[in-house]
Every structure is written in C-alpha cells, then in structure tokens.
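Subject: Structure handover

Hello,

Please find the structure below. My notes on it come after.

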Amino acid sequence: MVGKTVPILGTFPTKSWWQITNPWSLGTQCWVASSVTITSGDLSKVPVLAIPTGLVTGVSISTPAVVPCTCGGPNPTSFQVSITTNGPAKVIYHLGNLQW
C-alpha cells in the first residue's frame with residue numbers, strides 16, 4: 001500500500017523481509033520484502049524471528065485463447081504461470097514436456 005506507514009513487528013537475520021500488521025486485514029500480520037519498502041528508525045531494535053515455512057497456496061497456467069497450429073507440429077506456444085504462497089517461500093517448478 002503506497003504511502004502507508006506501519007510498524008515493523010519482526011524481521012529475519014538477513015533483514016530481507018519485514019513482518020508488519022496487514023494493512024488490508026487488521027489483526028493479522030503479513031511479510032513484505034524489504035526491497036520494496038522505505039524504512040526509518042532504529043532497525044537494530046526490530047525482533048529477529050524464525051523464518052516461517054511458506055506454502056504454495058495456488059498455481060495457475062494459461063495459454064493464449066487460440067493456439068496457432070500447423071499440421072505435423074510440434075506447435076510452439078507460450079505459457080503464463082502464476083504461483084501464490086502464504087508467505088516468503090522459495091518455489092522451484094518445472095514445466096517440461098507438456099503433452100496434450
């Protein structure tokens with residue numbers, strides 16, 4: 001939320017993420033990447049928390065509505081992949097050799 005000021009509740013040892021009060025859902029917390037924030041104050045006083053386990057909560061794959069094809073294929077197309085998680089997570093995915 002651009003321009004919104006919230007207190008930082010916690011961080012990781014690397015200070016790469018900040019735990020804040022979720023501005024869209026009061027009473028809950030969320031994590032935001034430090035790379036997309038502007039901070040001020042004494043960050044050495046922010047409690048260091050254990051890194052939460054992020055889980056994949058959604059995956060969607062889409063292609064254009066019409067896939068151009070020629071007889072004898074293979075027919076190249078592009079895919080758009082969206083992966084959502086419930087917090088900071090490293091996600092490794094592989095789309096290899098999709099067959100219809």
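Predicted model: local features only at pLDDT ≥ 70, side-chain atom pairs only at ≥ 80, totals over all residues.

Residues are numbered from 1 along each chain as its sequence is written, and side-chain values use heavy atoms, with hydrogens and water left out.

Overall fold. The protein has five strands and zero helices, where strands (E, at least two residues) and helices (H or I, at least four) are DSSP runs numbered from the N terminus. The order of elements from the N terminus is β-β-β-β-β. Of the 100 residues, 11% are buried; buried means under 20% relative accessible area, exposed over 50%, and partly exposed in between (1.4 Å probe, protein chains only).

Largest pocket. Rolling a probe the size of a water molecule over the atoms shows where empty space is left. A pocket is an open set of points on a 1 Å grid over the protein atoms alone, where a 1.4 Å probe fits, with protein on both sides within 12 Å along at least five of seven lines; lining residues have an atom within 4 Å of a point. The largest one holds about 600 Å³ of space, a volume being the space filled by probe spheres set on the points. Its lining has 23 residues, and Lys4, Thr5, Val6, Thr37 and Ile38 lie nearest the centre. Strand 2 (17-21) and strand 3 (29-33) each supply at least two lining residues, and strand 3 gives the largest share, three. By type, the lining has 15 nonpolar, six polar and two charged residues (nonpolar: Ala, Val, Leu, Ile, Met, Phe, Trp, Tyr, Cys and Pro; charged: Asp, Glu, Lys and Arg; polar: the others, Gly among them).

Loop residues. Lys15 sits in the loop between strand 1 (8-11) and strand 2. Lys15 is not a glycine, yet has a positive phi of about 55°. Lys15 counts as partly exposed because its relative accessible area is 32%. Ser35 is in the loop between strand 3 and strand 4 (56-62). Ser35 has 67% relative accessibility, so it counts as exposed.

Surface. Tyr93 lies in the segment after strand 5 (80-85), and counts as exposed because its relative accessibility is 53%.

Regards
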